[in-house]
Amino acid sequence: MEVKKLIRLLVIADDLTGALDTGIQFGSRAALVKLYTYRQAVDIFENIPDHIEVLIIDTETRHSDCRTAYERIYRLVDQAKRQKISCIYKKTDSGMRGNIGSELSAALTASGGDCIHFVPAFPQIGRTTEDGIQYIDGVPVAESVFGRDPFEPVRHSQIRDIVGEQCATECHVLNEAAEGGGYKGILLYNCKTQDDLQKIAKDLKRYHPSDLLAGCAGFAAVLPEMVGIRSVAGQRPGLCRKLLVVCGSLNPVSLRQMDAAEKNGALRVKLSNRQKLKKDFFDTEEGMRFVKDIALKIQEYRCAMIESTDMEGEESSASYALSQGMEAEEIRHRISENLGMMLRRLLEEHVNYTIFITGGDTLLSFMENIGLDKLSPICELYPGVVLSGIEYNGTMYHLISKSGGFGNENLLLDIQKIINAKEEKDEETGCGDIDGRSVWKWTGNLSKSLV
């Protein structure tokens, strides 16, 4: 079946929060967008609805081995090229996590082209590329919180070194798109500001019209104009003024955000080793009793947080898991699985909260637990922080999601201000501010969001 020419862009992300924070750049501009997980993407190119403009696929390869990542990206790009999808965007993590080299190499090889233009900077949240080095708020990425990841630390700050560990494709560092003529391989662009992003996009369109691009949500934000997607204004929906945070991330950024919220009166609950690592714990009588107790307790708070970091006085999760014969990858999977199951149980207790999930693995597990195969993203509250609508057991909920490494330490406090706001600051532009920082409000129609 031939894919309709209306499809202007294929976005391939390696995790669900990345797919959302990139996809919302198009969904908020009235594009007709469809998001699939890789498990849903089997034979996807034979079943795309006629009206789709932007197709987004989460390959779930952030934590996979290099070979699996390469094969999945190659397969998708190869199919897309056969179906003559005009532009492909390989979404990468701005913290340089995942199989970046393998996936860029796979996309380039499958495309049959000479180069892929790679812009990994996200200046809006302090992530810049200078002399080929990725910086997080001015700190080389390997020396930042991403270099201290307990499972998969980023070991290099020079992006060419990160790419070189995973593939043999040449990587050239450039300052401007006008310099790109004659180079083959991965063309990596230095970028420090939002103006730099805009200039790179403009120059690429002028000097190197390309059907193969790569970068994070930062560069994705300037793509709508490149691919001809119009903008539209609208109203932000009213949100439940209580916030329930479920954090599956161990990133220090997320922990500092919870520290700040706790100091301002939020309830903070840490799961025990059994609760987060025992298989199907929340299907047991003990687990369901815990959920009922928590459902009652959180009613007393405007903000409640449930997290997976180690409890004081208890052996570490790693030690406990080792005693149970679990390997590192199984630990990550079990924690996200149990958090997703626990949140499902809380919804069955009819808790009435705006839900905030941190971490792509936890978000995907929650969706699987409630049998949800699609989201309806509405808007971006902050860069990298996406508001979606979901339905479970006949009840509508608003769901906020973000990657573990995004945001300032007061992010949860700022989100509470947003959901408690009675009036919008600027109805016409759909943009206001919290403490001087730009805040996006709803700029799309739910029926035209990612569905």
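Guide: Strands (E, at least two residues) and helices (H or I, at least four) are themselves DSSP runs, numbered from the N terminus. Here, strand β15 (residues 354–358) is joined to strand β18 (residues 395–402) by 4 bridges, and the two run parallel. Thr 358, for one, has Lys 402 in β18 as its bridge partner.

Visitor: Before we go on, what kind of model is this, and how are residues numbered?

Guide: This is a predicted model, where local features need pLDDT of at least 70 and side-chain atom pairs count only at pLDDT 80 or more, while totals for chains, interfaces and linings use all residues. Residues are numbered from 1 along each chain as its sequence is written, and side-chain values use heavy atoms, with hydrogens and water left out.

Visitor: Back to strands, then. Which way do β17 and β18 run, and how many bridges join them?

Guide: They run antiparallel, with 7 bridges between them. Val 386 has Ser 401 in β18 as its bridge partner. The two strands form a hairpin with 2 residues between them, and Asn 393 in that turn has a positive phi of about 55°.

Visitor: And how many bridges join β16 to β17?

Guide: There are 5, and this pair is antiparallel, with β17 covering residues 385–392. Pro 377 has Ser 388 in β17 as its bridge partner. β16 and β17 form a hairpin as well, with 2 residues between them; in this turn Gly 384 has a positive phi of about 85°.

Visitor: Why is β16 described as largely enclosed?

Guide: The general idea is relative accessible area: buried means under 20%, exposed over 50%, and partly exposed in between (1.4 Å probe, protein chains only). In β16 (residues 376–382), 7 of the 7 residues are buried, so the strand is largely enclosed by the rest of the structure. As for side chains, in a regular strand they alternate between the two faces of the sheet.

Visitor: Next, ring pairs. How many aromatic pairs does the structure hold?

Guide: A pair of aromatic rings is described by the distance of the centres and the angle of the planes. Rings of Phe, Tyr and Trp (its six-membered ring) pair if their centres lie within 6.5 Å; planes under 30 degrees apart count as stacked, over 60 as edge-to-face and the rest as tilted. The structure holds 5 such pairs. In one of them, Phe 281 and Phe 282 have ring centres 5.0 Å apart and planes at 90°, so that pair is edge-to-face. Phe 282 also pairs with Phe 290, and that pair is tilted, at 6.1 Å centre to centre and 50° between the planes. Ring pairs link Phe 281, Phe 282 and Phe 290 into a cluster.

Visitor: Which residues lie nearest the centre of the largest cavity?

Guide: Its lining has 28 residues, and His 63, Gly 248, Ser 249, Arg 332 and Asp 361 lie nearest the centre. Helices α12 (328–348) and α13 (360–369) each supply at least two lining residues, and α12 gives the most, with 4.

Visitor: Last one: which residues does Glu 337 touch?

Guide: Contact means heavy atoms within 4.5 Å. Not counting residues up to four places away in sequence, Glu 337 touches Lys 279, Ser 365 and Asn 369. Glu 337 lies in α12 and counts as buried at 18% relative accessibility.

Terms used: Pairing = 2+ DSSP bridges. 1 Å grid on protein atoms, 1.4 Å probe; cavity = no way out; pocket = protein on both sides within 12 Å on 5 of 7 lines; lining within 4 Å.
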